[in-house]
Structure formats: C-alpha cells, structure tokens
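Please read the report below alongside the sequence and the three-dimensional view.

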Amino acid sequence: MNLTHVRLLVDNYKESFLFYRDLLGFEVTWGDEHSLYGQFKVGDVNVGLFERKQMAEAVGFPYAPHDPRVDRVALILKVESVEESYNELKEKVEFVTKPKEQEDWGIKVAHFRDVEGFLIEMYENL
C-alpha cells in the first residue's frame with residue numbers, strides 16, 4: 001500500500017478550492033473550482049478536496065451537513081489489487097464498502113475505518 005494523499009471532505013467545494021489555490025498558493029494537479037474534486041501538490045504531499053456529500057453517498061452513509069458523524073477527512077491508499085487487499089484485510093477490519101468499480105472516478109475502491117473511525121479508501125486505477 002502507498003499513501004497517495006489525504007483527502008479533505010468539504011461542504012463548500014468551490015470556496016475551499018479557491019482558498020487552497022488562490023490564498024495558500026497550492027499547485028493544482030487536478031480539477032478546478034467547479035469539478036467537485038481537486039488535488040494539490042504541497043511539497044512532497046498531495047492534498048485532495050472532495051465534496052463531502054458525494055463521499056457520504058459513496059460509502060452509503062446518509063448525508064446531513066451538520067451531522068458530526070459524516071466524514072471530514074480520508075486517507076487514500078493506492079494498492080495493486082483492491083480485491084487482493086480486501087481479501088487479506090477482511091478478517092482484520094470491518095469494511096464499510098466492498099470492492100466496487102467507480103467508473104465515473106476511473107478507479108476501483110473499497111472503504112474501511114481505523115480504530116478511531118477515520119475513513120480509509122483503498123483504490124486501484126481502472
């Protein structure tokens with residue numbers, strides 16, 4: 001597994017994107033203020049922004065903007081095979097989603113939580 005980025009899950013995507021791009025001067029490597037997903041290169045680290053509502057829908061959790069149980073951050077791990085990683089971990093962690101193709105995202109994903117409840121996404125490119 002390789003940690004590819006930390007994803008911030010936001011309610012006001014456009015305002016957040018403009019904050020990181022224009023005010024902090026982070027280098028945009030993907031997306032724009034209208035794409036609902038964006039990624040920035042910050043030194044050796046990638047920071048992603050994603051609309052919080054879409055992430056909640058992806059993991060099957062009802063979205064409510066002021067619900068503190070709706071995720072605000074996710075660790076994103078690239079793996080060679082989501083199926084193989086899922087099979088290796090399914091007896092050790094409780095998965096939120098089973099492996100599935102997200103064709104509109106161009107990836108195959110599975111989600112689980114750490115012991116503190118933080119969302120972790122494993123993905124492979126399609």
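Y37 is buried, with a relative accessible area of 16%, where buried means under 20% relative accessible area, exposed means over 50% and partly exposed lies in between, with a 1.4 Å probe and protein chains only. This is a predicted model, in which local features need pLDDT of at least 70 and side-chain atom pairs count only at pLDDT 80 or more, while totals for chains, interfaces and linings use all residues. Residues are numbered from 1 along each chain as its sequence is written, and side-chain values use heavy atoms, with hydrogens and water left out.

The structure holds 10 aromatic pairs; rings of Phe, Tyr and Trp (its six-membered ring) pair if their centres lie within 6.5 Å, and planes under 30 degrees apart count as stacked, over 60 as edge-to-face and the rest as tilted. Two of these pairs are set out here.

| Pair | Geometry | Centre to centre | Angle between planes |
|---|---|---|---|
| Y20 and F40 | tilted | 6.0 Å | 45° |
| Y37 and F50 | edge-to-face | 5.9 Å | 65° |

Because Y20 lies in helix α1 and F40 in strand β3, their pair ties together parts that are 20 residues apart in sequence; helices (H or I, at least four residues) and strands (E, at least two) are DSSP runs, numbered from the N terminus. F40 is buried, and its relative accessible area is 0%.

Helix α1 spans residues 13-23, and its buried residues are Y13, S16, F17 and Y20. These residues cover an arc of only 100° around the axis, which puts them on the same side of α1; the arc is that of the directions from the helix axis to the C-beta atoms. The buried residues of α1 pack against β1 (2-10), β2 (27-30), β3 (37-42) and β4 (45-51), where contact means heavy atoms within 4.5 Å. On the face of α1 turned away from its buried side are the exposed residues E15 and L23. After α1 comes G25, whose phi is positive, near 75°.

Helix α3 spans residues 82-89, and V82, S85, Y86 and L89 are buried in this helix. Seen down the axis of α3, its buried residues fall within an arc of 100°, so they line one face of the helix. They pack against β6 (95-102), β7 (107-113) and β8, whereas the face of α3 turned away from its buried side carries the exposed residues E84 and E88.

**The largest pocket**

Which residues lie nearest the centre of the largest pocket? They are R7, W30, Y37, W105 and I107, out of a lining of 16 residues. On a 1 Å grid over the protein atoms alone, a pocket is an open set of points where a 1.4 Å probe fits, with protein on both sides within 12 Å along at least five of seven lines, and lining residues have an atom within 4 Å of a point. About 410 Å³ of space lies in this pocket, the volume being the space filled by probe spheres set on the grid points, which are joined across faces, edges and corners.

Strands β1, β3 and β8 (119-125) each supply at least two residues of the lining, and the largest share, 3 residues, comes from β8. By class, the lining has 8 nonpolar, 5 polar and 3 charged residues; Ala, Val, Leu, Ile, Met, Phe, Trp, Tyr, Cys and Pro count as nonpolar, Asp, Glu, Lys and Arg as charged, and the others, Gly among them, as polar.

**Single residues**

L9 is found in strand β1 and is buried, at 3% relative accessibility. L9 and Y37 are 28 residues apart in sequence and 9.6 Å apart in space, C-alpha to C-alpha. Not counting residues up to four places away in sequence, L9 touches F50, R52, M55, D71, R72, V73 and A74.

L36, in the loop between β2 and β3, has a positive phi near 65° although this residue is not glycine, and at 31% relative accessibility L36 counts as partly exposed.

D67 has its place in the loop between α2 (52-58) and β5 (73-78). D67 counts as buried, at 14% relative accessibility, and touches R52 and F61, not counting residues up to four places away in sequence.
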